[in-house]
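Subject: Structure for your review

Dear colleague,

Please find below the structure that I would like to hand over to you.

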Amino acid sequence: INAEYGGYQIPRQGRIQATILDPDNNAIRIFLVSFDVRDMPPRCHTFLRHRIYSVNEQGKRSLMYHIHFRLISGRSTRVYLHTDIRVLFTRRSVDSSDLGVTSEPGCVVENLVPHNPRYSTITRVKKHPCTTLITAPS
């Protein structure tokens, strides 16, 4: 994400689609993450987490995929994907039928956002040659 311009601008409500490709440009995983930050005040930041678990016959869940987005609001009503996107995969092999977004049998999908506080105020922004770091009040 190009932090020089504050990140990648997104609407305040919608879906983010992230596609992970292998070196041959074949899709490994497609994430569709719904979000709603219409109540996000200016000059704040938050995050979105999307987790997919497999569930065995005994009901035990094990994490398969996890994607983490950072969001920031500017001085106006604009919202941006900010700094980086973090992705976690399990070590198990992935077959071609495993590209489904949320309709995989035996899987549980969670979308997580912080609750208390949902948004943190930006106190200052430090410029770094590779990225922009955000610090919240201590």
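A residue is called buried when its relative accessible area is under 20%, exposed when that area is over 50%, and partly exposed in between. C107, with a relative accessibility of 22%, is therefore partly exposed. The other end of this scale is illustrated by C44, which is buried because its relative accessible area is 5%. Please note that the model is predicted.

Overall architecture

The protein contains 10 strands and 0 helices. Of its 138 residues, 30% are buried. The accessible surface amounts to about 9,000 Å², and carbon and sulfur atoms account for 50% of this area. Among contacts between residues at least 6 apart in sequence, 58% join residues at least 24 apart.

Disulfides

A disulfide is a covalent bond between the sulfur atoms of two cysteines. A search of the whole structure finds 0 of them.

Salt bridges

Side chains of opposite charge can pair when their charged atoms come close. The count of salt bridges in this model is 4. One of them joins the side chains of E110 and R61, with a distance of 3.2 Å from N to O. E110 belongs to strand 7 (residues 107–112) and R61 to strand 5, so this pair ties together parts that are 49 residues apart in sequence. Both residues count as partly exposed, E110 at 21% relative accessibility and R61 at 40%.

D84 forms a salt bridge with R70, in which the closest N and O atoms are 3.3 Å apart. Because D84 lies in strand 6 and R70 in strand 5, the pair ties together parts that are 14 residues apart in sequence. D84 also forms a salt bridge with R86, where the closest N and O atoms are 3.3 Å apart. R86 is partly exposed, at 46% relative accessibility.

The surroundings of H68

H68 is located in strand 5 (residues 61–73) and is buried, at 11% relative accessibility. Its side chain makes a polar contact of 3.0 Å with the side chain of R49. Beyond its neighbours within four places in sequence, H68 is in contact with several residues, including F47, D84 and R86.

A nonpolar surface patch

I85, V87 and F89 form a nonpolar patch on the surface, and together they have about 210 Å² of accessible area. F89 is found in strand 6 (residues 79–89) and is partly exposed, at 34% relative accessibility.

Yours sincerely

Technical notes
Residues are numbered from 1 along each chain as its sequence is written. This is a predicted model: local features need pLDDT of at least 70, side-chain atom pairs count only at pLDDT 80 or more; totals for chains, interfaces and linings use all residues. Side-chain values use heavy atoms; hydrogens and water are left out. Patches are made of residues with over 30% relative accessible area and no salt bridge: like charges are joined within 9 Å, nonpolar side chains (Val, Leu, Ile, Met, Phe, Trp, Tyr) within 5 Å. Accessible areas come from the Shrake-Rupley method with a 1.4 Å probe; for residues, only the protein chains shown count as cover. Helices (H or I, at least four residues) and strands (E, at least two) are DSSP runs, numbered from the N terminus. Buried means under 20% relative accessible area, exposed over 50%, partly exposed in between (1.4 Å probe, protein chains only). A disulfide is a pair of cysteine sulfur atoms within 2.5 Å. A polar contact is a pair of N or O atoms within 3.5 Å; within protein, one must be able to donate a hydrogen and the other to accept it, and residues adjacent in sequence count only if both atoms are side-chain atoms. Contact means heavy atoms within 4.5 Å.
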